[in-house]
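I opened the notebook to go through one model, element by element. The entries below follow the order in which I looked things up.

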Amino acid sequence: MKINFRKEIFILFAAFFCAGNFFAENSNSSVFQDVRFEADSRILPQVSSSPEMDARTFAYIGLVASGADDEKIYEHLETLENLAQEFSQNLPSNFSNEEKADAALAFIYEKILSRYKLDQTRVDVAIESGVYNCVSSDVIFIYFAKTLGIPVVAVETPNHAFCTIESEGKSVDVETTNPFGVNPGRKRVNELPNGGKQYLSVPAKNYQNRREINDRRLLALIYNNRIASLQRQRGGNAATIGLAVDACALQGISAVGAQTVAECVCNYAADLSAAGNDEDALALVLLAQEIFGESKNYSAFIETANYNILVDKIETLPLNDALNELNLKRENISAQNYSKLLGYAYARSVQDLGSRHEWKEAINVAERGLLDAPNDSNLKRAINIYKQNYAIDFHNRAAALYNAGDVESAQNVLREGLEEIPDSKVLKNDLVKMK
């Protein structure tokens, strides 16, 4: 029975240090035509090194992160600038920042946003269609806040994004997914045309694990959502790597950004491995490690890929050639995996010999294997089974001679067998019966 020694590649991700400006210099993405390791050239160093951007730069990078082309970017920037100018011209000068934010959010919903969709993170799509989520609505609101000079900071939770503004010496939450989202929990009155009143309130939420983030991190969430969308598509993992590189470049020296790159690289490498392309998967991860530096993510994948490659070698090469491959790769795998594969190499050869009823040679190879892998249970079990099979061969030969009346020859066969398998109870019992 064949034992499946290949390992499924499960990726565990841990943060690591993303160093320096490496994105355009050290990569060799021609190795994989579907993979991009160079960051978008529009993400300039002065952008990635500054935690806060002016309104135009902020909107520009938001549109770059959304995947818009240059023509669309400048078209949408003009739209935003015209709307911001229209809004500011009609804004009372005595408004507090909270009142300005309240009016701005209502204006954004009147002019741009119309329908919420959980995964619609792209700013260009929000401007063109009105469809938005927490990230895209956050970006548009923060753009308006910046044009008005309102101090604003984005806030991230594990499953949501919103922002806070400063007004009258206090911090005010803004839930941008709702046109009445400034200062959630505050009751407001809407005058109806018939003279009646409508009372509106957006419930205040006590968000767990909320943390303030800078402009670059918020815009990187656009990339993250696009990556998540691609990962849900069959064959989309290759394209996520370039987006992750862009997000990492945008965030500068960022462990979070580099972790996303590692996740995307290893996910695509896992696809390659699952398709039987372990060599390509390994080459991809080694290239990423060369560019982005050491990480537990890459190390774990490299270990598993090398393991699977060696399993394939063991299953296709003669024993001695397989052992040579193991020795060549010994430094690339753990001692535990080396011992496991060593035992497997011998076990495969033993199994092959046993399938041809070459019991003696199978036993010899298994015993040789136990010298190299003394704790291998498969080899120990194989020795016991093949010794029994070897003994049965002697038993059958002796029985045939005994039934033919040649007792002496039958006894000689049993003695010969006991020289080969001295602990065989079957042969010992046969010899006693034939005396």
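**Entry 1: overview.** How many helices and strands does the protein have? I count 17 helices and eight strands. Both are DSSP runs numbered from the N terminus, helices being H or I with at least four residues and strands E with at least two. I note that this is a predicted model, where local features need pLDDT of at least 70, side-chain atom pairs count only at pLDDT 80 or more, and totals for chains, interfaces and linings use all residues. Residues are numbered from 1 along each chain as its sequence is written, and side-chain values use heavy atoms, with hydrogens and water left out.

I looked up burial next. Of the 435 residues in the protein, 49% are buried (under 20% relative accessible area; exposed is over 50%, partly exposed in between; 1.4 Å probe, protein chains only). I also checked contacts (heavy atoms within 4.5 Å). Among those with a separation of 6 or more, 60% join residues 24 or more positions apart.

**Entry 2: α8.** I checked helix α8, residues 237–250. Its 14 residues reach 20 Å from first C-alpha to last, close to the 20 Å expected at 1.5 Å a residue (1.5 Å times one less than the number of residues). Buried residues number 13 of the 14 in α8. G252 follows α8 and has a positive phi, near 65°.

**Entry 3: α12 and α13.** Helix α12 (residues 319–328) packs on helix α13 (residues 335–355) at about 170°, with the axes 10 Å apart. Axes are lines fitted to C-alpha atoms, for helices over the stretch in contact, and angles run from 0 to 180 degrees between N-to-C directions. So α12 is roughly antiparallel to α13 (over 145 degrees; under 35 is roughly parallel, 65 to 115 roughly perpendicular, the rest oblique). From α12, L319, L323, L326 and N327 make the contact; from α13, Y338, L341, L342, A345, Y346 and S349 do.

**Entry 4: α14 and α15.** Helix α14 (residues 359–372) and helix α15 (residues 377–403) pack at about 155°, axes 9 Å apart. That makes α14 roughly antiparallel to α15. Residues of α14 in the contact include W359, I363 and L370. On the α15 side I found, among others, L379, I383 and Y386.

**Entry 5: V432.** Is V432 buried or exposed? V432 counts as exposed because its relative accessibility is 59%. V432 is found in helix α17, residues 425–433. Its C-alpha is 9.5 Å from that of Q411, 21 residues apart along the chain.
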